[in-house]
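I set aside some time to look around a protein structure and jot down what I found. Here is my notebook, with the structure shown first.

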Amino acid sequence: MVARNRRRTDVDSNLDRPRNVGPLVFGVSKADARVWASTHKIGSPFQRARRTTVTTTGKPLQHKRGTHESVYVLPDENVQQAAVDVIAAGAEEAHKQARDYTFKGRLANAADATHQETATADCADEETSPWPAPSGGCGADFLLCLSCENSRVHTGHHPRLALLRRQLISLRSGWPEKLWRKRWDEHLQRLDDLRTKVNESTWDTALARITDRDQMIVDHLLKGDLAP
């Protein structure tokens with residue numbers, strides 16, 4: 001861009017621009033941009049053009065990733081509009097996961113003699129299991145019992161389940177994060193939900209009542225010895 005300098009005696013302090021040639025000036029100064037923006041009551045068109053170019057390119061040009069995202073990408077209306085479906089899908093997935101990884105059974109004060117004991121809970125009706133076995137009954141891993149509406153958890157289960165939760169948390173430091181999440185994360189989330197429903201203080205106090213049998217069952221669960 002070439003323009004005529006209004007006053008030839010003006011000295012341009014912007015060293016990134018070519019020097020004036022007589023009455024001619026080149027490029028657009030910051031002062032020009034400020035005057036234009038103030039006159040039209042909008043942001044500088046040159047900054048907007050740069051933002052559009054950067055967001056369209058989709059990667060940082062001469063700045064850091066954080067600057068790219070916070071200054072150029074996030075404020076851009078086109079990017080915001082395009083992100084609506086992505087954000088909605090993420091929220092739906094998070095909601096679905098939160099709904100799926102919760103305790104689905106019922107809490108009880110004591111064992112019911114008509115219910116079948118499992119490694120993690122009591123089962124009120126194994127014939128209506130969401131995971132039926134080919135030969136009849138339930139074919140689910142015992143770790144999935146807590147995700148079944150037929151499960152019943154009473155106070156006698158609290159020590160064992162509290163121990164199982166503590167062991168799952170302990171395993172996290174020794175496993176690769178991706179592998180741990182794939183194998184144990186949903187079970188820990190379900191136990192966390194159950195702990196909240198039982199009462200955190202009651203749950204944690206139950207750790208003092210862990211028996212050798214509880215320890216043995218949890219060890220077998222974590223080794224996969226009780227998997228179908």
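**Entry 1: the whole chain**

I began by noting that this is a predicted model. I then looked up the secondary structure, and it comes to eight helices and six strands. Next I wanted the order: what pattern does the protein follow along the sequence? I read it off as β-β-α-α-α-α-β-β-β-β-α-α-α-α.

I looked up burial too. The protein has 228 residues, and 30% of them count as buried.

**Entry 2: H5 against H8**

Now for helix packing. Helix H5 covers residues 158-171, and it packs with H8 at an angle of about 45 degrees. The two axes are 10 Å apart. Is that roughly parallel or oblique? Angles under 35 degrees would count as roughly parallel, so H5 is oblique to H8. I also noted the handedness: H5 passes H8 in a right-handed crossing.

Who makes this contact? On the H5 side I listed several residues, including Pro-159, Leu-163, Leu-164 and Leu-168. On the H8 side, Ile-217, Val-218, Leu-221 and Leu-222 are among them.

**Entry 3: H5 against H6**

I stayed with H5 and turned to its other partner in my notes. The axes of H5 and H6 come within 10 Å and cross at roughly 140 degrees. I checked the label with care here, because only angles over 145 degrees count as roughly antiparallel. H5 is therefore oblique to H6. This crossing is left-handed.

The contact residues of H5 include Leu-161, Leu-164, Leu-168 and Ile-169. From H6, I wrote down Trp-180, Trp-184, Leu-188 and Leu-191, among others. Leu-164 of H5 is in the contact with H8, and it is in the contact with H6 as well.

I then picked out Ile-169, which is found in helix H5. Its relative accessible area is 40%, so Ile-169 is partly exposed.

**Entry 4: Trp-203 in H7**

Trp-203 is found in helix H7. Is Trp-203 buried or exposed? Its relative accessibility is 1%, and under 20% means buried, so Trp-203 counts as buried.

What does Trp-203 touch, leaving out residues up to four places away in sequence? I found Leu-161, Ala-162, Arg-165, Leu-191, Leu-194, Arg-195 and Val-198. I also checked Thr-155, which is 48 residues from Trp-203 in sequence and 9.1 Å from it in space, C-alpha to C-alpha.

Asp-193 has its place in helix H6, residues 177-198. Its relative accessibility is 18%, so Asp-193 counts as buried, given the 20% cut-off. Not counting residues up to four places away, Asp-193 touches Thr-102 and Phe-103.

Asn-199 lies in the loop between H6 and H7. I looked up its backbone and found a positive phi of about 125 degrees, although Asn-199 is not a glycine. Asn-199 is partly exposed, with a relative accessible area of 37%.

**Entry 5: two polar spots**

His-154 sits in the loop between strand S6 (151-153) and H5. Its relative accessible area is 11%, so His-154 is buried. Which side chain makes a polar contact with the side chain of His-154? It is that of Asp-122, at 3.3 Å. The backbone nitrogen of Gly-156 lies 2.9 Å from a polar atom of the His-154 side chain. Beyond neighbours within four places in sequence, His-154 is in contact with Ala-108, Asn-109, Ala-110, Ala-111 and Asp-122.

My last stop was Asp-225, in the segment after helix H8 (212-223). Asp-225 is partly exposed, with a relative accessible area of 46%. Its side chain makes a polar contact of 2.9 Å with the side chain of His-220.

Methods:
Residues numbered from 1 in each chain as written. Predicted model: local features only at pLDDT ≥ 70, side-chain atom pairs only at ≥ 80, totals over all residues. Heavy atoms only, no water. Helix = DSSP H or I, 4+ residues; strand = E, 2+ residues; numbered from the N terminus. Buried < 20%, exposed > 50% of the residue type's maximum accessible area, 1.4 Å probe, protein only. Polar contact = N/O pair within 3.5 Å; in protein donor to acceptor, adjacent residues only side chain to side chain. Axes fitted to C-alpha atoms, helices over the stretch in contact; angles between N-to-C directions. Parallel < 35°, antiparallel > 145°, perpendicular 65-115°, else oblique. Left-handed = near helix turned anticlockwise from the far one by under 90°. Contact = heavy atoms within 4.5 Å.
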